[in-house]
Amino acid sequence: MSHAQSRQKWRVPYGNLKQILHMKYISAIIIFALSFMLISCGKNQGYRISGEVSNVEGNGIAILQNFNTGKQDTVTYLNGKFNFSGELKEPGLYKLLLAAPEDSFGFQMKTDLLYLENEAISVSGNHNELYDSDNRNYATKKRIIIKGSYLNDLYNNYLELVRPFVKEAATLSDEILLDTIAVENMTDRYLDMMLSKQSRLNDLQHKRDSIKNLFIINHPNTKLAYDFVYATLISEVKYKAVFDESVAHGVLYSKVMDLPTATEVKGWLSLLKEQNVFSTSQLQVLDSLWAKKKQITKGAPFINAQIRNIKGEKVSLKDQLSKDGYTLIDCWASWCMPCRWFIPHLKQIHNKYQEKGLKIISISIDNYDKEREKEAWYNAMKEEDMPWQQFQTNKKSSFVASYGVYSIPNIILIDASNQIVATDIRGLDLDLLLHSIYNE
């Protein structure tokens, strides 16, 4: 075929060319319009919360608070109706608080947790039945009904699964607290009854942890899984609220905090890293928390620190440990009533195990450098009359940071070889541990 013939073969008539160009122009407009529609539809529209709570008359206050930063948005609501709107860079855990008109000081503010995403979310419930912020009656109350968005619905599924365990655990925790306050010198029979409650409480907490573990494994590419791992590894108790809602409502005493094994944690971290969802900095935070956490797990070497004696002199914690037995470190403060409620029973433990080699020392986190707190510490020591050595540190000390003593009461147990047996022991869990050590 000649060059001319080739040109003739591929020649397009002028009229057809105009038609093709016109079609291309129309197509370009259509494609542009579709692209714009897709971009508009895909554009982040932010979150929209619509609330309607029954049995509320008049103006109240609704607060939406970032659980991690504490930053909050406040709106006034009328007859239980309110709205929030905004835009998030990433989803996260938030706290919703509702104060009725007659509760101007927020003493009985209703509260619950939700995962907020840039989606439409609805809030409802009967104001008279919802959790109070102080929640002394936590187990008899109901959650605020919060629906909308995949992540929040997934979180609701988790909370509903653990709810029976958490509810019973909260009730048992309150009973153990009241029993501890009421009994100065427990009889063996009464103590056995209380220990059975503590054993049941521990069992419930382990069941909750099993469900939490399954959620991490089954949903490793979600913010929920990341937050579960984060809250498990960090020492501050408030973060535990994400997987144990009763913590958000002040039910803390005698609660056994999660104690994951190294195998569990390594499995979680590996799984999250495989998802290619979380940033390098986010994963580094988890690695850093685990590096710190594993330093105070069972079998880890004791971490020394400087503390003060009652004269204000700096001494080495290591020098205060038993040379041939276990050392129980009781972390407390003059203002901590649960700490002081437990002291009478701690004296019983002292009398029972002293001859078996158990040494007790107390370390207060009252600030010795503040005259008012130092005086309160001295007065509390005099009132409680504890027959063992007393020491002091403060909230920003290396001791607090090393052992994660961010809530009290908190008991640490060290063995004769200066290895950590357990940290963050609470309530009668101490009795169960000592029973197993001394083969009772």
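1. A quick definition to start with: two residues are in contact when heavy atoms of theirs lie within 4.5 Å. With that in hand, 68% of the contacts in this protein between residues at least 6 apart in sequence join residues at least 24 apart. Please keep in mind, as you read on, that this is a predicted model.

2. Now the overall inventory. The protein has 12 helices and 15 strands. Of its 440 residues, 50% are buried.

3. Seven strands make up an open sheet with mixed pairing, and their order is β10-β9-β13-β12-β11-β14-β15. The edges are held by β10 (314-316) and β15 (420-425); each has a single partner strand, so one side of each is left without a neighbour in the sheet. On average, neighbouring strands here are turned by 30 degrees against each other, direction ignored.

4. Ile307 has Val315 in β10 as its bridge partner.

5. Helix α9 lies across β11 (327-332), β12 (359-364) and β14 (410-414), and runs at about 165 degrees to β11. Helix α12 (residues 429-437) also packs on the sheet, where α12 touches β11, β14 and β15; the angle between the directions of α12 and β15 is about 165 degrees.

6. The largest nonpolar core has 58 residues, and the members touching the most others are Ile329, Leu346, Leu358, Phe399 and Leu430. Helix α9 (residues 337-353) is the top contributor to this core, with six residues. Apart from this core lies another of 36 residues, including Phe67, Leu93, Val242 and Trp268.

7. Neighbours within four places in sequence aside, Leu358 is in contact with Tyr326, Leu328, Ile349, Tyr353, Leu413, Leu434 and Tyr438.

8. Finally, a helix pair. Which angle do helix α7 (residues 262-274) and helix α8 (residues 280-293) make where they pack? The angle is about 170 degrees, and the axes are 11 Å apart. Angles over 145 degrees count as roughly antiparallel, and α7 and α8 are therefore roughly antiparallel to each other. From α7, Ala262, Val265, Leu269, Leu272 and Lys273 meet Leu283, Leu286, Asp287 and Trp290 of α8. Sorted by class, this contact has seven nonpolar residues, two charged ones and no polar ones.

Key
Residues numbered from 1 in each chain as written. Predicted model: local features only at pLDDT ≥ 70, side-chain atom pairs only at ≥ 80, totals over all residues. Heavy atoms only, no water. Core = buried A, V, L, I, M, F, W, Y, C linked by side-chain atoms within 4.5 Å. Buried < 20%, exposed > 50% of the residue type's maximum accessible area, 1.4 Å probe, protein only. Helix = DSSP H or I, 4+ residues; strand = E, 2+ residues; numbered from the N terminus. Pairing = 2+ DSSP bridges. Axes fitted to C-alpha atoms, helices over the stretch in contact; angles between N-to-C directions. Parallel < 35°, antiparallel > 145°, perpendicular 65-115°, else oblique. Nonpolar A, V, L, I, M, F, W, Y, C, P; charged D, E, K, R; others polar.
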